[in-house]
Amino acid sequence: MSENKDVFLSNLDNIMTVRDLKMHFPITRGLLKRTVGVKAVDGVSFNIKRGQTLGIVGESGSGKTTVGNCLIRRLTPTSGDIVFEGTDLRDIDKKTMRRMRRTVQMITQDPFASLDPRFTVGDCIAEGLRIHHMISGKEAIEERVGHMLEMVGLRRDAASRYPHEFSGGQRQRISIARSIALQPSFIVCDEIVSALDVSIQAQIIALMMKLQEELGLTYVFIGHDLSVVRFISQNVAVMYLGKIMELTNSDELYDHPLHPYTQALISAAPIPDPIVDRARERILLKGEIPSPIDPPKGCNFCTRCPYADDRCREEEPAFVDVGGDHFVACHRVTGK
Amino acid sequence: MQLLKDLFRKKTIGGICLVILILFLLVAIFADVIAPTPMVDGNLPMDVRAGLQKPFENPAHLLGTDRLGMDLLSYMIYGARTSVILCVCCTLLSTVLSLVIGVLSAVIGGWFDLIVQRIVDAFGCIPQMLLLLIMMAMMGNGIPQMIIALAVPSGIAGSRMVRSSAISVKDSGYCDNSDLLGGNVLWKAFKHVVPNIMPLIIISAAGSLGGVVMMEASMNFLGYGVAPGTPSWGALITGQGRELLFTAPWLCIVPGIAIALLTFCSSMFGDAIRDLLDPRLKGGVGSYNTKKLNKVLARLSRPSEAAAAEDVA
């Protein structure tokens, strides 16, 4: 286990390395005001290669958005290291963090809430430039905004209009333009296509991939749509109840899923071919995701796993490489 | 400038109201020049024998006279000085105060919010009139003192409303996003929160303008207003107007109309500005365009005519 992690760190291609990240939210409850921790993220490790995309999938409440918020230091993790380009994001103070926002950006889910209705589109995109005093002069800013609009596939004259005049997909393009205007190298995309129509989703994904190629961006792509995440990501992490269950490159994950949870997820995703879809075997999970306040002993997935045995209920499986950069946390796979 | 142009083109009534408000202000400023009978040594000339003349009877006293024979028109013009200036200053001061307290309280949050809101609560516990009287007793009579005494408590009370709407803006997606872009608290407060709660601020400020005149009047009535003898609309209503309500109703009606006009104009002007500042409305919705009204009325009347024509056929 420990050797594995050192191999993780020594790789210089990694733009970000996350080790044993934990984010526990304290809540007080009951008559005695006991403080219990909601273990939203509980020991997550991965690294992200420069210029690539790491997908994070999982059902609601699995902690994927919390991971995203920790990566850009919107939340201060309870413990663990987040090393970005050689600096540990856990140690930086508020001022440095604000400066970091230029290189580490986030695009959020809801394009209808994320743009100020009183800003013109141009002002929205220039907001970051103005905050960081990156460009001065009205014309220089206008030029930059126009360039950004063209990059995301909108017309230059959109700058003088207001956000309410645009559709959801266009607004998401404006959000993207606002983020890339700061010339970041790392972007966390938090469910950026979930609020959009399927046809628009494809356009936005294509745009994100084009921008990645042109600007050499690194993405963390958080989503719950498996096919979308597979399409854009080189590596995919499957999260369940605050832990990564399986992590490998996307083709390997979808073709040979090892963890029972991954298998269940993939079998639940629709296949656009009714004959294949009817013929395949479905793995149906029973019950709901357990509460992160009181996760099960042993393997987090043992309450819903069809293969769970006594060992799974007692002992937590380690997150190990089973060969070919395929990491998985399951007793059944890693051997008895 | 574009705003002013839009105001007259799209919101004609709002524009007219602005003109009336400016007229009020000019009258207040140039009272000495305009008044038919100017002040002598800081007092309006009195003539008890010419007391209680009705309006429009004597061209020398167009709006009539009061019990002491003071010319009512001159009194109103000099009263504008007290009332209009008091209103405008007071409303501006209290709006700025509630804006600063409310927005900072909402945006900074945490302990700061908790402490500031308890102070606001403490002010709210004291009856407003009592608070006014205490402040006036401490500071003495006079217009600047009255402005402070009227503006501070209402500004503090208003901050609560500002805070609650500022909190909802602060929690919105675009405020979170300015965090993500690296903006600090002040950026968030002045770039996002203040512009987005502006409609509410404008409306409440415009609405409270008329209330100030009446507060000033009730303070005069209790003897804590402006220096005795200084003309003011409120003082006229609560003084002679009230006493002689049945014998000389014009002493109440004339200042009453002036106060109503001031309140109405400020409300309509505020309303127009609010609509014009909202990019989503673009001054289109709620614009008081009489042409449009005529069109709607014409359309409404048409079906009945058509029906009548059918009946004939």
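Student: Which residue is the bridge partner of Val238(A) in E10(A)?
Tutor: Val238(A) has Glu246(A) as its bridge partner there. This is a predicted model, where local features need pLDDT of at least 70, side-chain atom pairs count only at pLDDT 80 or more, and totals for chains, interfaces and linings use all residues. Residues are numbered from 1 along each chain as its sequence is written, while chains are lettered from A and ligands numbered from 1 in the order in which they are written.

Student: Thanks! And what is the bridge partner of Tyr240(A) in E10(A)?
Tutor: That one is Lys243(A).

Student: How many bridges join E9 and E10 of chain A?
Tutor: Six bridges join strand E9 (residues 235-240) to strand E10 (residues 243-249), and the two run antiparallel. Strands here are DSSP runs (E, at least two residues), as helices are (H or I, at least four), numbered from the N terminus. Two strands pair if DSSP finds at least two bridges between them.

Student: What sits in the turn of that hairpin?
Tutor: E9(A) and E10(A) have two residues between them, and Leu241(A) in the turn has a positive phi of about 50 degrees.

Student: Is E10(A) enclosed or open, and why?
Tutor: Six of its seven residues are buried, so E10(A) is largely enclosed by the rest of the structure. Buried means that 20 or more other C-beta atoms, placed from the backbone, lie within 10 Å of the residue's own; exposed means 12 or fewer, and partly exposed is in between.

Student: What about E12(A), how does it run against E10(A)?
Tutor: Strand E12 (residues 327-328) of chain A runs antiparallel to E10(A), joined by two bridges. Within E12(A), Phe327(A) is the bridge partner of Leu247(A).

Student: What order do the strands of that open sheet follow?
Tutor: Eight strands go E6-E7-E8-E3-E9-E10-E12-E11 in chain A, with mixed pairing. Strand E6 (104-107) and strand E11 (320-321) stand at the edges with a single partner strand each, so one side of each has no neighbour in the sheet.

Student: And which order does the open sheet of four strands have?
Tutor: In chain A the order is E2-E1-E4-E5, with antiparallel pairing. Its edges are strand E2 (34-49) and strand E5 (87-88), each with a single partner strand, so one side of each is left without a neighbour in the sheet. Two bridges join strand E4 (residues 79-84) to E5(A), and Val83(A) stands opposite Asp88(A).

Student: Switching topic: which domains does chain A have?
Tutor: The assignment gives domain 1 (2-103 + 184-334) and domain 2 (104-183); such bounds come from an automatic or database domain assignment. Their C-alpha centres lie 29 Å apart. The contact takes 24 residues from domain 1 and 20 residues from domain 2 of chain A, with two residues in contact if their C-beta atoms, placed from the backbone, lie within 7 Å.

Student: Which element gives the largest share of domain 1's side?
Tutor: H7(A) does, with six residues.
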